[in-house]
Amino acid sequence: MARSWTPEQAASLAPDAASLKAAQGLASPRKWTLLGRDERFVWGLAQGSGKDPYQSQIDLEETAFKCSCPSRKFPCKHGLGLLLIYASQPAVVPSVARPAWVDEWAAKRAERAAKAEAKAQETVPAPDPEAQAKRREKRAANVARGVEYLEGWLRDLVRQGTAAVQGAGYKFWDEPARRLVDAQAPGLARRLRLLGGLAGSAAGEAQLLTGLGRLHLLLAAARRREVLAPEWQAEIDSQLGWTVEQDEMRGRDGVRAVWFAAAQTSSEEAGVVTRSTYLFSGDGRSAQVLEFSHASQAAAAALAVGRSFEGELVYFPGVEPVRALLMAPPADAPRRPLQFLETCAELQAAHAARLAVSPWREEFAALVRLTPANDGERWWLQDSAGEALPIAADFKAGWELLACSGGRELEMCGVWDGFAFRPLSVIDEAGATPLG
Amino acid sequence: MATFQQTALLGTERLTTPPVAPHAALDEAWHRLDWVGDREGAMLDALALVGVAQAAGSVATRRAAVAAGAEPDTRAFAPAAAAALLPQLLEGEFRALLPEWLGLCAQAGTVLPPAYLPRVFGAASAEERGTLAPVLGERGRWLLRQNPAWHRLLDTSATLPDDTWELGSPAERLAWLRARRCSDPAEALTRLQKGWAEEAADFREQALAELAAGLSAADEPFLAGCLSDRRKEVRQTAQRLLARLPASALAGRMRERATSLVTYQRGFLSKRLEVEPPAAFDKAWKADAVEERPPAGVGEKAYWVRQIVACVPFAELRTRTGLGTSDLVGLALKGEWGELLSEAWYASLAVAPDAELAAELFRRILGGGMKPPGGQAPAALVATLLPLCAEAERWTLALDHAGQGLTAWLSLPHLPGNPEPWQAARLLAALAPAIRDGAVPGGSPQAVLVARRLPMSLRAEAARLVARENGPTKTADTFLRAFDLRAAMRTAFSAKP
């Protein structure tokens, strides 16, 4: 059966604010000369500026959009508007037989799915071990050079002192970051750029020092990679930014469970949008699924916040890995009771335990049941024992948090980094509400 | 000795003595750092140690227990589909539809969903307090009290702690006074009087105005004392409040003065309304907060008369002369005192609202037969007069003047719901051309206001009237979208949860 959508979930798919506004303008039956749906698809004809109306359609099962309009946004305003109508006023979208153009797309999708299935079944030809080893060797040599270079750069930095680079500007950090990308270590480049963003702000000073320390630890570990256990090698590889092939992931054991998509964040870098979804299962497991999309490319947005589904996750290799890959389209399933941390001490201890295993697990996503409070200057999360942890200073939705709590304990999903908690969503019986 | 963080800031090239471990827990690891042979390596290792240790070893802050939370709500929260429409109504062109949403929410017996409360509070104005109150629920009422910036929205049913008057912020204290004036006017007055002399002038002015609610003869002694306040605005507020109490000494004196100043003379052939300007300023007037010095450009005698006449309800003149409102205004305009009297009567509406007088002034001023008192702009006139007119008459007044300038547009916010079908159709017919051509004064928000005033049954007719061959203008599109939004609100609130 097709999953149901809430208007908030639909709105969360908007690629930007302008698209959402345009889509809200289209979220009215008056804008459509035809609306229809069946078990799997929703479709409509929207009158645009051209002679023929645009054919807009949505595959609800896989949350895929198609529209005959020339927009390069994805989903386009028509698709999003159509979903908004379906979500907010399902009664105006009658259940009728598919028109030919929907049938056509359905057939194409089925064909593609069959092909993908067939390809997955195919035995992957064993890669040429010799060529593979050669590639690996070359990459290792490249990275080793990058590591050596960055170590020297860091030494220079601490010799001069961080005060000397506070006003150094973007280029100071970007230049070495580029060299690290060339050295096939994009993970190092990413960390370096993040540090560049902290330098120069008084509030970022402590975080900058901590970040430099972690980066140094990573370099030290990378140099010793060969003598470490396989899971540590994998961990370091992932920290360096090496991706694991999909085929290799397919071969790994997955974890089947009913997962709850508790929160989502997204960030954009160089035209690529990374959507990160925080999943939790009833037995206390958690995972983070990253989805990447281009403005011009289809976004697989199946993991809307508040959705509960049954599915198999395969964790990326590493030490107590958090990142995982969803192996098949998720299927709706009733939510299982979730486990929440109820004291500050529990949250701190769980985070510290992760850090003890790997110093690069700096961000700890957790479900907490704590009471938000405000002292006129900043926001806190307090437990029944009277202990409180600070909420991130730049968190904007403190009053929303207080409103949802009513001055009592509130179930939330958020990220704790050892210094401040950043709430991402409020969890309630109906699902989860993202916090702005 | 420099701390570790200072050392990191200054750089190892300036290092003279090795820094001390920032925490005893790190001592053991610290000893293994080679601050002599490999300063940079030691510094980087130390940064790693300290950073990870700080993240893992954060210390929670002890805080006092959180104050009492909100009582559970007995009513359900508005359906999600209805709530999802809210963000569009909080700002921008559809803002005028927010009161309708709030009204539907109340009608459905539901309250605002918590997550939306802060945004609604941020958008709502103090005038919308009454519309907001029924849908606040326990949660909303509780939350309003938590943020001083929202206290302007506290309504009279809000239960503020009893010591708010002594301990609260100015906004909280006013909210307390407003609420207490409704539940126990005498007690509110007693508390207000207690520290009156020490209050700031601004606060005295605002607090005194709150006495309008629950006003009674019991307030007279205190108000009489305020007639000699240092601040002019306080004196005048006290004067207006006393004038509203027909049995007050001030009201009696003012009535007497007005009777001798404004006389109705009946001859064989003509009736006249005459003003007998006073020869000099009577010192006794000063004790009743009549100002002696007029503002620039106003004659002093006219200024005195206006202040006195403005303190007397217009109804008094009707009784005294046995004439109707229309006759009285007509007589005044025929005589040489027309301008002075119309200004005084216009001002008297603030003391004693009078629907007949308001309607008469509306007709004459906006019909062009009378100069606007005090040179008031049409917008201000409509906003003052129309709300004072009888609800049933407001539509007629607005429609009768639809052809004149902006009157119909300016009237929109003050028209009551549920007009007669023909009235709604006439309003639509009068305003549709401007909407169709995108020539609406005030732009799309005004077009939305029109849509808000019309019954949903006129939707098709509205679409027909604003259609253009080459597609609708942006204003017309917004106008029709307002209808759609209203329809969506209704669907969302009537859906079974």
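**Salt bridges, a positive patch and cysteines**

With a relative accessibility of 35%, Arg363(B) counts as partly exposed. Please bear in mind that this is a predicted model. The side chain of Arg363(B) forms a salt bridge with that of Glu393(B), at 2.3 Å from N to O. Because Arg363(B) lies in helix α21 (residues 355-366) of chain B and Glu393(B) in helix α23 (residues 391-400) of chain B, the pair ties together parts that are 30 residues apart in sequence. Glu393(B) is also partly exposed, at 26% relative accessibility.

Over all chains, the count comes to 57 salt bridges. Another of these joins Asp162(B) and Arg180(B), at 2.8 Å from N to O. Asp162(B) sits in the loop between α8 (129-146) and α9 (164-167) of chain B, whereas Arg180(B) belongs to helix α10 (residues 170-183) of chain B, 18 residues apart. Here Asp162(B) is partly exposed at 41%, while Arg180(B) is buried at 18%.

I turn now to chain A. Lys66(A), Lys108(A), Arg112(A) and Lys115(A) form a positive surface patch. Helix α4 (residues 100-121) of chain A gives the most to the patch, with three residues.

Finally, the cysteines. How many disulfides are there over all chains? The count is zero. The sulfur of Cys76(A) is 3.7 Å from its closest cysteine sulfur, in Cys67(A), which is too far for a bond. Cys76(A) is buried, at 7% relative accessibility. For Cys182(B), the nearest cysteine sulfur, that of Cys226(B), is 19 Å away.

Definitions and conventions: Residues numbered from 1 in each chain as written. Chains lettered and ligands numbered in written order. Predicted model: local features only at pLDDT ≥ 70, side-chain atom pairs only at ≥ 80, totals over all residues. Heavy atoms only, no water. Patch = residues over 30% accessible without salt bridge, like charges linked within 9 Å, V, L, I, M, F, W, Y side chains within 5 Å. Areas by Shrake-Rupley, 256 points an atom, 1.4 Å probe, with all protein chains shown as cover. Salt bridge = Lys/Arg side-chain N within 4 Å of Asp/Glu carboxyl O. Lys, Arg positive; Asp, Glu negative; His and termini not counted. Charge placed at Lys NZ, Arg CZ, Asp CG, Glu CD. Helix = DSSP H or I, 4+ residues; strand = E, 2+ residues; numbered from the N terminus. Disulfide = S-S within 2.5 Å. Buried < 20%, exposed > 50% of the residue type's maximum accessible area, 1.4 Å probe, protein only.
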